[in-house]
Amino acid sequence: MSFMKKLGEDIVKSTKKHSITDALEKGAAQKVSIDSRLLDYPAIDPLECLEGTLNPNHRHDDPDEKAVDQIRENLAASHRFRSFAPVRPKNVAKWFIDGHDYFYAVSELIDSAQENIFILDWWLSPELYLRRPPSDFPEWRLDRLLKRKAEQGVKIYVIVYKEVTQTMNTSSRHSKNALSELHPNVSVLRHPDHIGAEDSVQFWSHHEKVLVVDNHRACIGGLDMCFGRWDTHNQYVVENFAPKTAIRQDYNNGRVLDFQQVDNYVSNQVSILETSRMPWHDVHMSIVGDAVMDIVQHFTERWNEVKKRKYRHDPTYDWLALPKFVESMYTPDLLNLALHRPHHEGLTAKAEKFKNRWHDVEDRVDASGAEARHARHARDEAERGFDIPDPHAMPTGTCNVQVVRSICDWSHGQLIEHSIQNAYLQLINEANHFIYIENQFFISNATLKNGPIKNTIANALVERILYAARSGRKFKVIVVIPEVPGFSGDIQQENGIKVIMAAQWRTINRGGGSIYEQIRAAGFDPLDYIRFYHLRAYDRINAPLGFISQMEINTGVTFHEAQIAQARMWIGDDGFWHQDTVKIKRPSEFAGVDDNNLGMTEKKTVEEVESVNFPKSTALAQGIVQRFESGAPRSDVMVSDTISQHLLQDETQLQDEAWMGSEQEERNCFVTELVYIHTKLMIVDDRRVIMGSANLNDRSQKGDGDSEIAMVVDDTDMIESMMDGNRFLASRFAGTLRRKLFREHLGLIPPQNCVTGEEPVTSFMHAPPIPAEDETHLQEDQLVADPLSDDFERLWHSTARINTAIFSEIFRTVPNDSVRNWDQYKMFLPNVRTGHVANAELSLPEIKEKLSKVKGTLVEAPLNFLIEQKELVENRDWQGLNPSLPIFV
């Protein structure tokens with residue numbers, strides 16, 4: 001009998017409580033040595049699979065299970081928002097805007113770890129550089145940092161979402177293998193399984209973005225530790241030959257092409273010579289305090305539940321002990337069930353325990369030798385002007401923090417909890433003056449009537465606005481969302497894009513029961529109360545083709561060979577990576593509009609992707625780069641790699657930017673792209689904040705869809721401010737966050753240039769408890785302090801209006817209010833490469849003069865786009881007759 005046939009029979013014969021992993025280990029015992037951490041197979045149990053199908057409630061139907069559920073229900077009923085966690089006082093909380101600042105803080109947090117690290121991510125890229133430029137900080141790549149910590153004895157536990165491979169390109173398999181191979185102290189779980197598993201999970205995902213270090217500090221927000229998320233306040237759109245910030249896969253544009261082959265992270269099929277990247281705007285937060293242990297509880301419950309389902313017999317994967325305050329809620333007979341461990345393990349089941357730093361007095365003194373390490377770190381940072389506290393000290397903060405979440409049986413082994421939606425509803429209902437929302441989506445039910453959309457956040461906004469309108473009180477809501485969902489393809493041809501946009505229009509202003517329609521029906525103008533906006537940026541590709549062609553002719557080295565050699569130099573010779581060839585997108589002659597006569601997607605052929613030999617060593621790579629650079633006919637040191645700094649308060653002028661090519665080449669290199677808003681944030685009255693991983697749609701809000709986590713922050717540290725012309729006390733956390741976001745969108749902050757490793761490390765980049773610098777005294781901060789003042793409204797509206805008009809005139813951006821039906825759409829789309837200058841009548845000086853007037857990235861939402869296409873918002877999908885609709889909404 002062949003080895004493979006025998007192995008197959010072992011798998012088929014596996015009985016109750018055995019998995020494919022067990023069978024593989026048994027069948028391969030005499031053939032190969034298998035590291036069980038690299039195996040990731042679902043439990044194969046016909047009886048359990050049948051039970052999961054016939055009885056989805058099978059983990060909650062026996063008396064003991066019901067008793068545990070009742071304890072949890074009683075506890076949630078005693079908490080605000082019916083959350084599993086109470087409000088925890090005296091936390092230190094700090095916000096981060098955009099990946100540049102947050103990922104630097106992550107590098108500090110992970111580097112400070114002495115005992116344990118928990119990571120929960122939708123997507124995790126082991127090769128992500130946390131500090132940039134990569135050439136100056138090779139040691140701060142995520143996998144290398146985790147390896148160092150594992151070698152120091154830190155236990156690292158990672159859970160990543162196991163994607164549906166037929167529809168997604170995140171390659172969690174690569175994430176698991178790359179991390180698991182670092183060190184035995186690194187353990188990685190993927191979940192959920194989609195085929196042959198006990199529970200059928202077709203398209204829901206684990207969507208949390210969580211980091212916990214030493215059960216002491218934790219992070220929650222919108223930023224996954226993966227490619228494409230790192231960005232600066234400049235929202236840069238392009239890179240040059242030797243990219244200072246984005247290494248290959250990091251240079252991505254989801255509107256043009258989704259990520260491809262992310263396990264080959266040097267490869268890229270988006271050409272930096274002709275295609276812009278898609279800027280990424282996001283926020284995240286980090287806390288130090290009691291609420292950390294609630295996040296620890298969430299992670300521990302998830303880890304144990306996944307282990308129970310997939311690796312219950314595999315000692316390679318630890319059971320994790322819940323925080324002591326959680327275990328104390330259960331009787332000894334019910335404790336194991338509450339721990340998500342199987343009954344048969346008994347109370348003697350060994351669980352890995354880490355310090356309960358915030359709930360045990362004996363754990364408040366760290367005797368692990370941190371003092372010497374902290375002293376070195378503090379000495380280094382003192383030279384930068386920072387007084388660095390001990391990262392394991394127990395500071396007393398001013399923030400009341402409550403952890404909320406969306407979970408259910410498939411994701412967490414518990415009954416449905418949708419405390420995130422509960423929090424949104426209550427915070428909106430309790431708002432007095434102003435609400436600011438940034439979110440990746442805006443899909444909700446505004447009417448409370450039955451329909452395919454179940455979450456009622458939009459209805460809460462309608463009710464709160466109408467209450468203010470009928471009372472004659474000023475009340476404003478500002479919502480910022482992406483122009484178009486971040487999926488590649490043409491709007492008319494891609495069904496997913498159309499469905500999501502239609503769902504958002506049905507929420508906002510169409511379909512008969514939207515927010516705007518209800519406010520109008522009540523006799524009020526919705527624009528007096530709620531408005532919607534997007535973000536958009538411009539840049540110039542530093543790629544004069546004549547200049548580059550001359551370098552190639554002079555040296556015999558192609559641009560792409562030099563580009564890959566540059567990346568090879570950053571990778572180094574540490575053995576972390578090897579590949580023989582790299583696939584890369586080469587520029588090609590523009591072939592006109594696509595087969596449907598639509599210019600948003602270009603004709604593409606297989607020949608446009610070429611393979612480049614990967615240098616075998618950094619020495620060879622350095623020689624290639626030096627040879628290519630020696631072929632330059634003249635120096636281009638005066639030419640800026642990016643000009644996105646002119647969106648902000650740069651000291652130089654756009655018209656003064658140098659160029660090494662012809663005027664026509666420069667004109668062809670100006671590009672625009674939407675800024676993709678990935679934030680999941682609401683700020684109420686400059687006093688209360690909810691921030692996390694949850695989108696404003698059913699997938700995130702219902703509880704029985706994607707798993708999510710968020711934090712509600714009420715800061716008791718108040719600052720002097722204004723609201724509708726009156727003196728007002730805002731909370732420091734909420735008020736400063738909202739003001740900084742507004743200043744970024746309006747271009748009222750200095751550029752954040754990341755050119756060399758000598759860039760100053762600001763207070764906004766450090767992890768807590770180091771506070772952010774107080775900027776409330778700045779003149780620019782005062783301009784946005786009062787969100788209800790007439791002066792602010794004029795500034796906000798005029799900036800958005802001017803920016804919108806300029807982008808539309810130069811680039812003919814879509815969506816656009818002048819396009820009301822599909823016929824107009826086809827006529828309006830420009831016959832140029834995606835994002836390039838479309839107005840042939842404008843000269844280069846005119847383009848520069850107009851773009852110099854763009855301030856920040858704020859643009860108006862074109863809510864009349866395709867408004868005459870009634871079938872988009874009034875078809876059978878919205879009658880609940882499309883079973884695939886929940887995937888998109």
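## Asking how we know

Colleague: Let's begin with helix α24 (residues 790-811): what should its 22 residues span, and how far apart are its end C-alpha atoms?

Modeller: At 1.5 Å a residue, the 22 residues should span 32 Å, and the end C-alpha atoms are 31 Å apart, so the two values agree. The expected span is 1.5 Å times one less than the number of residues. A helix here is a DSSP run of H or I with at least four residues, a strand is a run of E with at least two, and both are numbered from the N terminus.

Colleague: Before we go on, what kind of model is this, and what was left out?

Modeller: It is a predicted model, in which local features need pLDDT of at least 70 and side-chain atom pairs count only at pLDDT 80 or more, while totals for chains, interfaces and linings use all residues. Residues are numbered from 1 along each chain as its sequence is written, and side-chain values use heavy atoms, with hydrogens and water left out.

Colleague: Back to the helix, then. Which residues in α24 are buried?

Modeller: Among them are Phe792, Trp796, Ala800, Asn803, Phe807 and Phe811. Buried means under 20% relative accessible area, exposed means over 50%, and partly exposed lies in between (1.4 Å probe, protein chains only). As for the spacing, an α-helix has 3.6 residues a turn, so residues three or four places apart point the same way.

Colleague: And what happens just after α24?

Modeller: Arg812 follows with a positive phi of about 50°. In the loop between α24 and α25 (822-828) lies Pro815, and the peptide bond joining Val814 to Pro815 is cis, with omega about 5°.

Colleague: Where else is there a cis bond, and what is its omega?

Modeller: From His191 to Pro192, with omega near 5°. Pro192 is found in the loop between β4 (186-191) and β5 (210-213).

Colleague: What makes β5 a strand with both faces covered?

Modeller: On one side Val210 and Val212 are buried, and on the other Leu211 and Val213 are buried too.

Colleague: How do you know that β5 pairs with β2 (residues 116-121) and with β6 (217-221)?

Modeller: Two strands pair if DSSP finds at least two bridges between them. β2 and β5 run antiparallel and are joined by 4 bridges, and β5 and β6 are antiparallel too, again over 4 bridges, so both meet the cut-off.

Colleague: What lies between β5 and β6 in their hairpin?

Modeller: There are 3 residues between them, and Asp214 in the turn has a positive phi of about 55°. Asn215 lies in that loop and has a positive phi near 50° although it is not glycine. At a relative accessible area of 3%, Asn215 is under the 20% limit and therefore buried.

Colleague: You mentioned Cys219. How many disulfides does the structure hold?

Modeller: It holds 0, with a disulfide taken as a pair of cysteine sulfur atoms within 2.5 Å. Cys219 is buried at a relative accessible area of 0%, and Cys399 is buried at 3%.

Colleague: On to the rings. How many aromatic pairs are there?

Modeller: The structure holds 27.

Colleague: Why is the pair of Tyr102 and Phe103 called tilted?

Modeller: Rings of Phe, Tyr and Trp (its six-membered ring) pair if their centres lie within 6.5 Å; planes under 30 degrees apart are stacked, over 60 edge-to-face, and the rest tilted. The centres of Tyr102 and Phe103 are 5.5 Å apart and their planes stand at 50°, so the pair is tilted. Both residues are buried.

Colleague: And why is the pair of Trp303 and Tyr317 called tilted?

Modeller: Their centres are 6.5 Å apart and their planes are at 50°, so this pair is tilted. Trp303 is in helix α8 (residues 292-310) and Tyr317 in the loop between α8 and β9 (319-320), so the pair ties together parts 14 residues apart in sequence. Trp303 is buried at 0% relative accessible area, and Tyr317 at 1%. Both belong to one aromatic cluster, which also includes Phe118 and Tyr157.

Colleague: What makes you say that the charged end of Lys740 sits over the ring of Phe764?

Modeller: The rule asks for NZ of Lys or CZ of Arg within 6 Å of the ring centre and within 35 degrees of the ring normal. Lys740 has its charged end 3.7 Å from the centre of the Phe764 ring. Arg148 likewise sits over Trp140, at 5.5 Å from the ring centre.
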